[in-house]
Amino acid sequence: MNMNLKNPVKSSVLWDLLKRRPVRIGLACLGVLLFVVVVYAAWFADDDTDLAATAFVQRGPLTISVTESGTIQSRERAVIKSEVEGTTTILSLVPEGVTVRKGDILVELDSSRLQDDKNQQQIVVLNAEASFIRARENLAVSKSQTDSDVAQAELAYKFAKLDLDKYLKGEYLRDLQKAESDITLAREELKRAEDILASSRKLAAQGYITETELKADELSANRAQIGLDLALSNLDLLKKYTNPRNQEQLRSDVEQAEKALERAKRKATADLVQAEAELKAKESEYERQKAKLDKFNTQIDKCRINAPVAGMVVYATTGQLRWRRNVEPLEEGQQIRERQELIYLPTTSAMVANIKVQESSLRKVRPDMPVRITVDAKPGEVFWARVGKIALLPDAQSAFLNPDLKVYDTVVYIDGDASALRAGMTCRAEIIVEQHSDTLYVPVQAVVRVGADTVVYVRSRNSFEPRVVKVGLDNNRMIRIIEGVK
């Protein structure tokens with residue numbers, strides 16, 4: 001009433017809307033909905049169990065498996081690698097998928113750089129050979145020269161000893177005898193001169209000879225006396241000075257000649273050792289340079305890669321692009337490195353699947369486990385296989401691309417006839433870990449760890465209660481319950 005008094009026009013419009021049938025029905029429904037919500041909230045205010053996601057414990061068959069993608073490859077194959085050092089370029093390449101015979105050319109690599117190195121190395125080999133020949137001849141000359149020097153030193157030593165013996169046993173005795181003979185003769189001459197002088201003095205006193213003749217006889221006597229003194233002096237010099245000096249000199253000559261012989265022998269040995277060492281060094285250098293030249297020839301020969309066995313050509317890069325995005329398809333003009341795998345030649349019809357098992361699933365996988373293989377190129381067909389080899393360390397390439405992801409290279413051997421498969425095909429491998437015909441299982445999200453216990457939460461009337469259970473393996477969707485719930 002008051003509203004109509006304040007705003008008559010607006011009240012009239014609102015009354016007209018309320019008189020319409022659809023509006024009245026909508027307002028009635030809204031009122032009923034509000035009533036239901038209020039009642040539901042009041043009834044279930046203390047029970048929130050319906051707000052949680054739940055699942056039933058199921059019993060039935062359960063397969064625990066690990067599924068990974070992979071690539072089909074030949075089980076036994078000849079791996080063709082580049083054995084040319086460094087990097088080189090592919091000049092020609094056999095097409096992929098072609099069946100070749102043993103000895104056919106598969107790859108031809110660029111050898112121009114190796115040819116230049118070979119030509120340069122040939123010059124080095126010729127110089128090394130000339131140095132080797134010169135060292136060899138120098139060794140022969142050194143042997144001849146050292147033999148001559150040693151022989152000459154030995155002869156000088158022998159002569160020095162002979163000179164000493166000759167002096168001690170010959171020359172000295174001769175000089176001593178001569179000195180003593182000279183003394184004896186001098187004394188005889190002096191006695192004779194003295195006798196003549198005495199006679200002359202008597203004759204001169206009697207006047208038979210002149211004064212001049214007397215003086216001549218006196219001079220002769222004095223000369224004889226001087227001769228005797230000189231002979232005595234010579235003997236004394238011979239015994240006291242000449243003989244000791246000559247002996248020392250000759251003994252020194254012998255000692256020096258002996259040392260000179262020793263030096264000659266040592267020098268001969270040193271010269272021979274040096275010449276032999278130089279010869280060995282030159283020979284080693286010559287052989288090294290020849291080996292290097294042979295290596296260049298071998299490297300040039302390895303630029304033409306022939307098929308070691310007959311088979312169908314499969315490029316090594318086929319199937320790798322999925323895992324290694326930086327691998328380019330093999331083609332002519334491509335740069336390749338040493339030891340890089342180029343071509344696979346399957347030697348048998350047996351095939352394998354190369355897969356990568358994630359670290360979280362590695363504890364489930366064991367060798368000889370059965371594997372179910374499906375191939376994208378063969379829809380509807382199933383190939384059975386078994387787990388072969390599992391790598392001990394994670395794949396380094398995958399770890400480099402994603403450090404948080406650890407995968408292990410695993411080889412799966414395909415059993416039976418695999419002739420329908422081709423290397424490089426994409427496949428999915430389901431590794432059958434366990435198969436249970438009748439067991440309990442729940443979703444993996446329903447199982448949690450509480451301390452050291454494995455727990456599921458079982459719904460009661462108005463709440464959830466924890467229940468400790470014993471679990472088995474899971475297949476990333478369902479986990480097997482061994483005991484603890486029904």
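In what order do the 4 strands of the open sheet line up, and is their pairing parallel or antiparallel? The order is 6-5-3-9, and the pairing is antiparallel. Keep in mind that you're looking at a predicted model.

**The chain overall**
- Out of 486 residues in the protein chain, 31% count as buried.
- If you take the contacts in the protein chain with a separation of 6 or more, 78% of them come from residues 24 or more positions apart.

**The open sheet**
- Zooming in on one pairing, strand 3 (residues 87-93) and strand 5 (residues 105-109) run in the antiparallel sense and share 3 bridges.

**Helix 4 against helix 5**
- Helix 4 covers residues 112-206 and helix 5 covers residues 211-301; their axes come within 6 Å and cross at roughly 175°.
- An angle over 145 degrees counts as roughly antiparallel, so helix 4 is roughly antiparallel to helix 5.
- The residues of this helix 4 and helix 5 contact split into 47 nonpolar, 18 polar and 31 charged.

**Ser 200, a residue of helix 4**
- You'll find Ser 200 in helix 4.
- Ser 200 has a relative accessible area of 6%, and because anything under 20% counts as buried, Ser 200 is buried.
- What does Ser 200 touch once its neighbours within four places in sequence are left aside? The contacts are Ile 209, Leu 214 and Asp 217.

**Cysteines**
- A disulfide is a covalent bond between the sulfur atoms of two cysteines.
- How many disulfides does the structure hold? The count is 0.
- Cys 303 counts as buried, with 2% relative accessibility.
- Cys 427 comes out at 0% relative accessibility and so counts as buried too.

Terms used:
Residues are numbered from 1 along each chain as its sequence is written. This is a predicted model: local features need pLDDT of at least 70, side-chain atom pairs count only at pLDDT 80 or more; totals for chains, interfaces and linings use all residues. Side-chain values use heavy atoms; hydrogens and water are left out. Axes are lines fitted to C-alpha atoms, for helices over the stretch in contact, and angles run from 0 to 180 degrees between N-to-C directions. Helices (H or I, at least four residues) and strands (E, at least two) are DSSP runs, numbered from the N terminus. Angles under 35 degrees count as roughly parallel, over 145 as roughly antiparallel, 65 to 115 as roughly perpendicular and the rest as oblique. Ala, Val, Leu, Ile, Met, Phe, Trp, Tyr, Cys and Pro count as nonpolar, Asp, Glu, Lys and Arg as charged, and the others, Gly among them, as polar. A disulfide is a pair of cysteine sulfur atoms within 2.5 Å. Buried means under 20% relative accessible area, exposed over 50%, partly exposed in between (1.4 Å probe, protein chains only). Contact means heavy atoms within 4.5 Å. Two strands pair if DSSP finds at least two bridges between them.
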